[in-house]
Amino acid sequence: MIRFYNGLVLEPSGVTENEVWVDGSAISYVGPAREDMPLFDCIVNLRGDLLMPGFKNAHTHSGMTFLRSAADDLPLHQWLEKQVFPAEAKLTAESTAAFVKVAFLEYLTSGVTACFDMYYHTDEFARIARDWGFRAVLCGSFTAGNDWEEMYDYYQHYNHDFGPLVSAQLGFHAEYTTNREKLEYLSKVCHELKAPVWCHNAETASEVDGCIERHGVTPTKLFDSLGLYDYGGGGFHCIYMTDEDLDIFARRGLTAVLNACSNGKLASGFFRLKEAMEKGVRLAVGTDGPASNNALDMFREMYLINIMAKLREENAAAGDPALILNAAVSGGARAMGLDDCDAIAQGKQADMVRIDMHRPNMRPVNNVVKNLVYSGNPSNVRMTMVAGKVLYENGEFFVGEDPEDIYRAAEKYTREILG
Ligand SMILES: [Zn+2]
């Protein structure tokens, strides 16, 4: 058992000065110090630091680290066709594994305790998550070229074969990379499995225009009319959503996963945060892949979501740091089906981050939440714990591998692919 004391705790009710005890993978107690204390294996004096639930990076392409700073500064479709797709065609299971490990290390430094990933070579990805003790949810990335009957196996395989830290949700890449027949088939699958469905949705104006040309309606209306949202789910990006689309998201309890850095860097556009908030659309936060961001940094993401809302509305009062922090933590957990990882509370999984409050960018402590969103950065992450296990602490990784070996392998494979 581990005891954390003498610090601050970000609980659902707000910031408290409670103790947090961890027993195995779960939080066994949150509350004031007690006389009847059990015997602890480890006692951690937080010295005023903050314990918060880990960030859930709700949209990732972890294996894309090899394209960091190698595929930049082009519009989305040119970027995809000229830089991303030709390089990805050269990926192998071994190289993808090395690139995924780089991303996982970066998640840990950024206080991310789970990611929602859409990419290739998914067995390697799931194995690394299992072996390292990192929580990962796979999202199907099916396109028209795939055999969609494999969705059943995909869903069962990743929900059962890699232990409690690995799970999967139904998903496909995007409307523009599939067709109606495939989507109708997916509707059958999601109804049989009673499962939510995810995909990139309304990331660019041309994507929405193309969908309207092909189907007469927006992607959201198309998916809804086919019954793909009957068991929930949502979309990544969700930039060019109409009022009606946002209404569908609100009515069906779907989650819009925000990717502000990627949308900014690719000049895709602004999320309609004000309208989504007014309609009560559920929100989560993701970094997207390292080729379109390029950092896997949830602090920067939260910051930029708020800043972009202000710029879009030309109103410094726009945005909502507390709401966005909540989206980055519990909104992501709910979206990813990680209902027991969303908060620091008794019985929840011990997916927690220790934020170093003894850094100048965290002082003074007028408002912990605003410090996290507006001035926080990964240098404040002192410890990242997943399911009660410390995977990162004081700059050191505890994942069973030497990061230098990982960097070397990633460098070698990157050179083989990119030259
Ligand atoms: Zn994406």
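1. Two strands are taken to pair if DSSP finds at least two bridges between them, and the elements themselves are DSSP runs numbered from the N terminus, with helices being H or I of at least four residues and strands E of at least two. On this basis, seven strands form an open sheet in the order 3-2-7-16-17-18-19, with mixed pairing. Its edges are strand 3 (14-16) and strand 19 (396-397), each of which pairs on one side only.

2. A word on the basis of the note. Residues are numbered from 1 along each chain as its sequence is written. The model is predicted, so that local features need pLDDT of at least 70 and side-chain atom pairs count only at pLDDT 80 or more, whereas totals for chains, interfaces and linings use all residues.

3. Leu10 has Val15 of strand 3 as its bridge partner. Elsewhere, helix 2 (residues 93-109) lies across strand 17, strand 18 and strand 19, and runs at about 90° to strand 18. Angles here run from 0 to 180 degrees between N-to-C directions, and axes are lines fitted to C-alpha atoms, for helices over the stretch in contact.

4. The chain is divided into domain 1 (2-53 + 347-397) and domain 2 (55-336); such bounds come from an automatic or database domain assignment. Taken over C-alpha atoms, the centres of domain 1 and domain 2 are separated by 28 Å. Contact, defined as C-beta atoms, placed from the backbone, lying within 7 Å, involves 19 residues of domain 1 and 23 residues of domain 2.

5. Which elements each supply at least two residues of the side of domain 1 that touches domain 2? They are helix 13 (368-375), strand 17 (381-386) and strand 18 (389-393). Helix 13 gives the most to this side, with five residues. By class, this side of domain 1 has 13 nonpolar, three polar and three charged residues. In this classification Ala, Val, Leu, Ile, Met, Phe, Trp, Tyr, Cys and Pro count as nonpolar, Asp, Glu, Lys and Arg as charged, and the others, Gly among them, as polar.

6. A second open sheet has eight strands in the order 8-9-10-11-12-13-14-15, with parallel pairing. Strand 8 (55-60) and strand 15 (282-285) are its edge strands, each pairing on one side only. Direction ignored, neighbouring strands of this sheet are turned by 25° against each other on average.

7. Gly171 stands opposite Trp198 in strand 12. Helix 4 (residues 150-160) packs on the sheet and touches strand 10 (135-139) and strand 11, its direction making about 150° with that of strand 11.

8. Helix 2 also packs against helix 3 (residues 122-132), at an angle of about 45° and with the axes 9 Å apart. That angle makes helix 2 oblique to helix 3, because angles under 35 degrees count as roughly parallel, over 145 as roughly antiparallel, 65 to 115 as roughly perpendicular and the rest as oblique. The crossing of helix 2 past helix 3 is right-handed, meaning that the near helix is turned clockwise from the far one by less than a right angle. Helix 2 contributes Ala93, Thr96, Ala97, Val100, Lys101 and Phe104 to the contact, and helix 3 contributes Glu124, Phe125, Ile128 and Trp132. Seven of these residues are nonpolar, one is polar and two are charged.

9. The axes of helix 11 (residues 298-313) and helix 12 (residues 321-335) come within 10 Å and cross at roughly 140°. Helix 11 is therefore oblique to helix 12, and passes helix 12 in a right-handed crossing. Met298, Met302, Ile305 and Asn306 of helix 11 meet Pro321, Ile324, Leu325 and Ala328 of helix 12. The residues of this contact divide into seven nonpolar, one polar and no charged.

10. Some backbone details deserve a check. Most residues other than glycine have a negative phi, and most peptide bonds are trans. The peptide bond from Asn293 to Asn294 is cis, with omega near 0°, and Asn294 lies in the loop between strand 15 and helix 11. The bond from Arg363 to Pro364 is likewise cis, with omega near -10°; Pro364 is placed in the loop between strand 16 (352-355) and helix 13. Lys194, in the loop between helix 5 (180-193) and strand 12, has a positive phi near 50°.

Key. Contact = placed C-beta atoms within 7 Å.
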